[in-house]
Each structure stands twice: as structure tokens, then as C-alpha cells.
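This report is for a reader who is new to the structure shown below. Please look over the sequence and the model before reading on.

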Amino acid sequence: MAGHRIYKLAFSDLYPNYTHKAERKGRTTAEVDEIICWLTGYSQAQLDELIEPGNPVNLEEFFRDAPKMNVARSQITGTICGVKLAEIEDPLMLEIRYLDKLIDELARGKAMEKILRTLPTPA
């Protein structure tokens with residue numbers, strides 16, 4: 001079965017869309033990076049290499065080779081692009097949509113603790 005054409009999109013080409021969306025809403029590239037690293041287990045150094053312009057790693061490879069997908073990602077619910085996450089059957093498309101949903105939450109101003117599905121640390 002042929003995969004969706006988005007699977008072959010280079011992650012380095014998609015990354016600026018995530019950062020621009022966040023920055024337009026007053027959030028930072030560092031927050032986008034934190035979300036991506038939280039979701040995938042990539043270190044900041046690994047992510048920096050993957051987002052280098054011209055890096056050919058596509059979305060399929062990006063998620064397949066992720067060091068450790070965060071188990072808490074199953075707590076990500078709701079709708080993205082008019083599709084309920086719970087209804088997405090393709091595992092790779094679900095991973096892509098999880099990332100989309102997290103970036104949307106960031107752009108909407110949600111607190112990082114809630115985006116990363118963690119409890120806030122006591123002051």
C-alpha cells in the first residue's frame with residue numbers, strides 16, 4: 001500500500017512552518033524544539049541536525065528513527081484538521097497529527113506543562 005505523499009516531505013522543510021506558526025502567536029522556537037524532543041526522544045543536537053536546511057530525512061524516517069516516542073502521547077486527544085485523533089488508523093499519520101496538535105496547542109497559548117502532559121512543579 002502506498003503511503004500518503006506527506007510521508008516523503010523532508011522534516012527540514014516542514015520545521016519552519018511549525019516555528020512560524022508558534023512565533024506568530026508569541027511563542028518561541030525553543031518551545032517548538034522542546035515539544036518535538038518531548039514527543040520523539042531526539043536530543044536538541046539531533047534535532048538541530050535534522051532541521052538543517054537541505055537535510056533529506058523525510059517524515060516517515062523522522063518518526064521511524066525517533067529514539068523513543070513518548071508514551072504520554074496517548075493522552076493527546078481532540079481534533080486536528082477536522083479529524084479526531086482517535087479515528088486515525090494509520091500509525092504514521094497519527095504520529096504526524098500528534099505533533100500538529102501539540103504545535104496548535106502551543107500557538108493557542110496553552111501552558112507548556114499542559115502541552116507536555118506533565119504536572120506543574122510546586123514552587
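## Basis of the model

This is a predicted model, in which local features need pLDDT of at least 70 and side-chain atom pairs count only at pLDDT 80 or more, while totals for chains, interfaces and linings use all residues. Residues are numbered from 1 along each chain as its sequence is written, and side-chain values use heavy atoms, with hydrogens and water left out.

Helices (H or I, at least four residues) and strands (E, at least two) are DSSP runs, numbered from the N terminus. Buried means under 20% relative accessible area, exposed means over 50%, and partly exposed is in between, with a 1.4 Å probe and protein chains only. Contact means heavy atoms within 4.5 Å.

## The nonpolar core

A nonpolar core is a set of buried Ala, Val, Leu, Ile, Met, Phe, Trp, Tyr and Cys residues joined through side-chain atoms within 4.5 Å. The largest one has 38 residues, and the members that touch the most others are F11, V32, I35, I36, L39, F63 and L99. At least two residues of this core come from each of α1 (11-24), α2 (29-40), α3 (44-50), α4 (59-64), α5 (91-107) and α6 (112-115). The most is given by α5, with 9 residues.

Leaving aside neighbours within four places in sequence, I35 is in contact with L99, L102, I103, L106, M112, I115 and L116.

## Helix α2

Helix α2 has 12 residues and reaches 16 Å from its first C-alpha to its last, close to the 16 Å expected at 1.5 Å a residue. The expected span is 1.5 Å times one less than the number of residues. Just after α2, G41 takes a positive phi of about 85°.

How far is α2 enclosed by the rest of the structure? Because 9 of its 12 residues are buried, α2 is largely enclosed. The buried residues are E31, V32, D33, I35, I36, C37, W38, L39 and T40, and they pack against α1, α3, α4, α5 and α6.

## The largest pocket

On a 1 Å grid over the protein atoms alone, a pocket is an open set of points where a 1.4 Å probe fits, with protein on both sides within 12 Å along at least five of seven lines; lining residues have an atom within 4 Å of a point. Grid points are joined across faces, edges and corners, and a volume is the space filled by probe spheres set on the points. The largest pocket has a volume of about 170 Å³.

Its lining is made of I6, L14, N17, Y18, K21, I80, C81, I96, R97, D100, I103 and D104. At least two lining residues come from each of α1 and α5, and α5 gives the largest share, 5 residues. The lining has 7 nonpolar, 1 polar and 4 charged residues, where Ala, Val, Leu, Ile, Met, Phe, Trp, Tyr, Cys and Pro count as nonpolar, Asp, Glu, Lys and Arg as charged, and the others, Gly among them, as polar.

Two of the lining residues can be described further. D100 is in helix α5 and is buried, with a relative accessible area of 12%. Beyond neighbours within four places in sequence, D100 is in contact with Y18 and I80. C81 is found in the loop between β1 (79-80) and β2 (83-84) and counts as exposed at 60% relative accessibility. Most residues other than glycine have a negative phi. C81 has a positive phi of about 55° although it is not a glycine.

## Residues Y15 and I51

Y15 is found in helix α1 and is buried, with a relative accessible area of 8%. Leaving aside neighbours within four places in sequence, Y15 is in contact with T29, V32, D33, I36 and I51.

I51 is found in the loop between α3 and α4. I51 is buried, with a relative accessible area of 16%. Not counting residues up to four places away in sequence, I51 touches F11, S12 and Y15.

## Two further loop residues

Leaving aside neighbours within four places in sequence, L85 is in contact with I76, T77, G78, I80, L94, R97, Y98 and K101. The C-alpha atoms of L85 and R97 are separated by 7.3 Å, and the two residues are 12 apart along the chain.

R108 has its place in the loop between α5 and α6. R108 is exposed, with a relative accessible area of 58%.
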